[in-house]
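Please look through the sequence and the model below before reading on. The report that follows moves from single residues to the wider arrangement.

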Amino acid sequence: KYDEITKAQILRNHLKLSDLEANCIQDVVRLKKYNEIIRHRNFNPRLIEFVTRNVNFEDSNKSYLDFVKDSLDNPKEIWHQCFTAQLNQFQRLLVKLVVANRNTIEEKYLKRAYERAKVLYSLPIPEQERVDYEHTLNICERCILNRTIEKISYPHYHEKTIVTVFN
């Protein structure tokens with residue numbers, strides 16, 4: 001939910017600090033692809049960091065701009081890394097529960113499913129690790145899940161919290 005100026009600053013800073021070859025950065029500027037990048041529906045700082053690191057691009061057999069476009073259109077590679085390397089087994093369980101529900105679930109049902117799944121799978125809890133629902137969701141919410149409040153006015157006013165996969 002960044003405005004275009006903020007997105008442009010994020011892109012500029014990542015390009016400026018990147019270890020990409022100069023011609024890759026020059027293509028973005030020369031061909032004026034920055035607007036296309038910052039206006040993309042999947043734009044987020046994590047994805048921009050991913051596409052501006054040479055280690056992620058160097059094995060690609062595509063042009064740099066095609067690599068960026070493909071990464072924005074289908075960000076599975078970045079989310080795979082986040083899911084497998086940055087989340088613990090409880091956080092992955094929570095994400096799997098959201099995905100199993102077609103990528104969106106009301107929070108009250110997710111919490112119930114998470115508590116049941118922890119028991120069902122008998123996951124060992126490492127010492128000094130918090131695995132309660134709120135803590136686990138807060139970690140996931142910062143990187144791979146969204147939590148939004150929907151206001152419902154019919155038949156009576158109430159709010160419900162929805163958890164979805166980031167993108």
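This is a predicted model: local features need pLDDT of at least 70, side-chain atom pairs count only at pLDDT 80 or more; totals for chains, interfaces and linings use all residues.

K118 has its place in helix 9, and, when residues up to four places away in sequence are not counted, K118 touches F90, L93, L123, V131 and D132.

E107 also has its place in helix 9, and at 12% relative accessibility E107 counts as buried. Which residues surround E107, once its neighbours within four places in sequence are left aside? The contacts of E107 are with Y133, E134, L137, R147, T161, I162 and V163. With Y133 there is also a polar contact, in which the two side chains are joined at 3.1 Å.

## The sheet and the helices packed on it

Three strands form an open sheet in the order 1-3-2, and the pairing is antiparallel. The edge strands are strand 1 (104-106) and strand 2 (145-152), each of which pairs on one side only. Neighbouring strands of this sheet are turned against each other by 30° on average, if direction is ignored. Between strand 1 and strand 3 (residues 158-165), the antiparallel pairing runs over three bridges, and I105 stands opposite V163 in strand 3.

| Helix | Strands touched | Angle |
|---|---|---|
| Helix 9 (residues 107-121) | strand 1, strand 2 and strand 3 | about 95° with strand 1 |
| Helix 10 (residues 133-141) | strand 2 and strand 3 | about 105° with strand 2 |

Helix 1 (residues 4-17) has 14 residues, and the distance from its first C-alpha to its last reaches 20 Å, which is close to the 20 Å expected at 1.5 Å a residue. At the N-terminal end, helix 1 is capped by D3, whose side-chain oxygen lies 3.2 Å from the backbone nitrogen of I5.

Which residues of helix 1 are buried? They are K7, I10, L11 and L15. Seen down the axis of helix 1, these buried residues fall within an arc of 125°, so they line one face of the helix.

The buried residues of helix 1 pack against several other helices, namely helix 2 (22-30), helix 3 (34-38), helix 4 (45-51) and helix 6 (64-73).

## The protein as a whole

Taken together, the protein has ten helices and three strands, and along the sequence these follow the pattern α-α-α-α-α-α-α-α-β-α-α-β-β. The C-alpha trace spans about 55 × 45 × 25 Å along its principal axes.

Terms used:
Residues are numbered from 1 along each chain as its sequence is written. Side-chain values use heavy atoms; hydrogens and water are left out. Helices (H or I, at least four residues) and strands (E, at least two) are DSSP runs, numbered from the N terminus. The expected span of a helix is 1.5 Å times one less than its number of residues. Buried means under 20% relative accessible area, exposed over 50%, partly exposed in between (1.4 Å probe, protein chains only). The arc is that of the directions from the helix axis to the C-beta atoms. Contact means heavy atoms within 4.5 Å. A polar contact is a pair of N or O atoms within 3.5 Å; within protein, one must be able to donate a hydrogen and the other to accept it, and residues adjacent in sequence count only if both atoms are side-chain atoms. Two strands pair if DSSP finds at least two bridges between them. Axes are lines fitted to C-alpha atoms, for helices over the stretch in contact, and angles run from 0 to 180 degrees between N-to-C directions.
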